[in-house]
Amino acid sequence: MPAVDKGANAPNVFPDPKSSESAVPPFSRGTRDDLVQARALQAILSRFDAALAGHALGANPVSPIYGGPMVDPANVFVWAWDARPFPAFPDFELVWADAANWQTGHWITGRLEGVPLDRLIAAVLAEFGIGVEVDFAVDAFLEGYAIDRPMSAREAIEPLARAFGVDALARAGRLAFSGRGGRAAAAISADDLVKPPKDAALRLVRAQETELPHQVELGFSDGEMDYRRAVVASRRLAGSSRREARTEIAAVTRRSEAQRLADSWLQDLWAGRESTEFDLTRRHLGLEVGDLVSVPTEAGPRLHRITRIADGPTRRISTHAAEPAVFDAPAGVGPKQPRRPPLVAGAPEPIVLDLPAARVAPTVLQYLAVAAEPWPGAVAVWREKEGGGFAFDRMAELPAVAGRTLAPLGPGPLWRWDA
């Protein structure tokens with residue numbers, strides 16, 4: 001299963017310019033998508049393994065002849081786990097010729113340690129002993145997350161929800177986490193609005209531009225740079241606002257994904273600058289907080305997200321404008337800093353040279369040449385003492401040029417020493 005956008009549409013294709021089967025799935029944008037790989041593998045494995053959540057009874061029937069399932073879950077293997085160590089592969093592109101294929105390829109190496117956001121939130125709730133039933137409609141993936149100090153479950157989840165555009169809602173006595181993408185749940189027409197006696201049927205408020213941030217910054221741990229702390233920023237190119245917003249998340253992700261999150265966060269803040277309040281008839285009882293609705297305005301229908309519902313003789317609805325498309329934008333492919341394998345120096349080669357004595361004082365009896373590739377920088381030379389043991393003599397700062405002659409040397413001038 002490739003880690004590419006809409007990879008489940010064609011699990012058999014993979015990116016490899018040297019292969020005749022190199023392709024992207026139908027309708028795919030060709031961008032990296034670790035989440036679709038994880039979701040597809042979970043669906044396939046749960047199809048055959050009754051111990052996994054989501055298994056449908058009878059999907060993997062037991063044979064009456066040999067008493068085992070049609071497909072033995074213990075013998076299901078995922079393609080592909082690479083024996084080359086991660087992150088040396090794919091970081092060292094100078095060593096591995098197919099390293100570039102890893103980004104959207106079938107490899108689970110380096111991705112198996114990651115987790116979908118809904119599973120991470122469920123694990124946090126379980127860790128804090130919160131056993132309520134939870135509904136998830138969240139689509140996001142990250143490489144890791146750390147609860148680095150004592151905190152509540154809310155404090156642990158809120159930074160993730162802010163960064164990934166997730167709302168925590170209470171619905172029918174259940175806790176629900178819902179992403180801000182998706183389509184409109186209902187279209188509200190002017191006939192559905194109930195006009196109050198002393199107010200307009202729909203009240204629309206637009207926030208001042210100076211109340212919104214001109215730039216947002218997102219701090220994270222860069223999974224492609226030895227987990228160092230990093231910051232990405234997203235800025236509007238127009239407007240008079242000078243406000244800035246910043247958030248830190250103890251999450252591990254790659255820089256391109258963090259940049260996408262920062263861009264989505266800023267665009268969502270500006271998209272939600274308009275808010276409305278209106279009353280609906282009771283026939284819209286199916287609407288819930290978090291739903292997207294199409295609201296009639298003087299400029300035409302606009303998408304809004306419901307933020308509050310007050311039930312009475314009518315349904316009092318409060319909304320904020322929304323643009324779900326900002327959360328569906330793919331992560332860009334920025335320049336990747338080249339990573340070179342570390343220089344591992346082997347044992348140096350010492351060569352003792354017994355050369356003709358030179359007329360210098362004191363007379364040099366032997367020369368020592370030291371060669372190594374790669375050169376470690378300097379080599380210590382130790383001399384054996386008369387009473388036993390060794391004593392430090394000096395440092396060889398530069399490597400000698402050493403090699404093997406492949407052809408006989410021709411005759412030259414005699415009795416000359418070329419220093």
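Me: What makes Asp148 and Arg149 a salt bridge?

Reply: A salt bridge is defined as a side-chain nitrogen of Lys or Arg within 4 Å of a carboxyl oxygen of Asp or Glu, and the closest N and O atoms of Asp148 and Arg149 are 3.2 Å apart, so the pair meets the definition. In general, side chains of opposite charge can pair when their charged atoms come close. Before we go on, please keep in mind that this is a predicted model, in which local features need pLDDT of at least 70 and side-chain atom pairs count only at pLDDT 80 or more, while totals for chains, interfaces and linings use all residues. Residues are numbered from 1 along each chain as its sequence is written, and side-chain values use heavy atoms, with hydrogens and water left out.

Me: Which salt bridge joins Arg29 to a distant part of the chain?

Reply: Arg29 forms a salt bridge with Asp328, with the closest N and O atoms 3.9 Å apart. The two partners are 299 residues apart, Arg29 lying in the segment before α1 and Asp328 in the loop between β15 (315-321) and β16 (349-353); helices (H or I, at least four residues) and strands (E, at least two) are DSSP runs, numbered from the N terminus. The pair also belongs to a network of salt bridges that links Asp5, Lys6, Arg29 and Asp328, and a search of the whole structure finds 30 salt bridges.

Me: Why is Arg394 called exposed, while Asp393 is called partly exposed?

Reply: Buried means under 20% relative accessible area, exposed over 50%, and partly exposed in between, with a 1.4 Å probe and protein chains only. Arg394 has a relative accessible area of 55% and is therefore exposed, whereas Asp393, at 29%, counts as partly exposed. These two residues form a salt bridge as well, their closest N and O atoms being 2.7 Å apart.

Me: Why are Phe89 and Trp96 called an edge-to-face pair?

Reply: Rings of Phe, Tyr and Trp (its six-membered ring) pair if their centres lie within 6.5 Å; planes under 30 degrees apart count as stacked, over 60 as edge-to-face and the rest as tilted. By this rule the count comes to five aromatic pairs. For Phe89 and Trp96 the centres are 6.2 Å apart and the planes stand at 85°, so the pair is edge-to-face. Phe89 is buried, at 0% relative accessibility, whereas Trp96 is partly exposed, with a relative accessible area of 22%. Ring pairs link Phe89, Trp96 and Trp107 into a cluster.

Me: Which residue does a cis peptide bond join to Phe89?

Reply: That residue is Pro90, with omega about 20°, and Pro90 lies in helix α2. The peptide bond from Phe86 to Pro87 is also cis, with omega near 5°, and Pro87 lies in the loop between α1 (34-48) and α2 (88-91).

Me: How do you know that the length of α4 agrees with its number of residues?

Reply: The expected span of a helix is 1.5 Å times one less than its number of residues. The 12 residues of α4 (residues 153-164) should therefore span 16 Å, and the end C-alpha atoms are 17 Å apart, which agrees. Among the buried residues of α4 are Ala156, Ile157, Leu160 and Phe164. Just after α4, Gly165 takes a positive phi of about 70°.

Me: What makes β5 and β6 a pair of strands?

Reply: Two strands pair if DSSP finds at least two bridges between them. Six bridges join β5 (residues 166-171) to β6 (residues 174-179), and the strands run antiparallel, so they count as paired. Leu169 stands opposite Ala176 in β6. The two strands form a hairpin with two residues between them, and Ala172 in the turn has a positive phi of about 50°.
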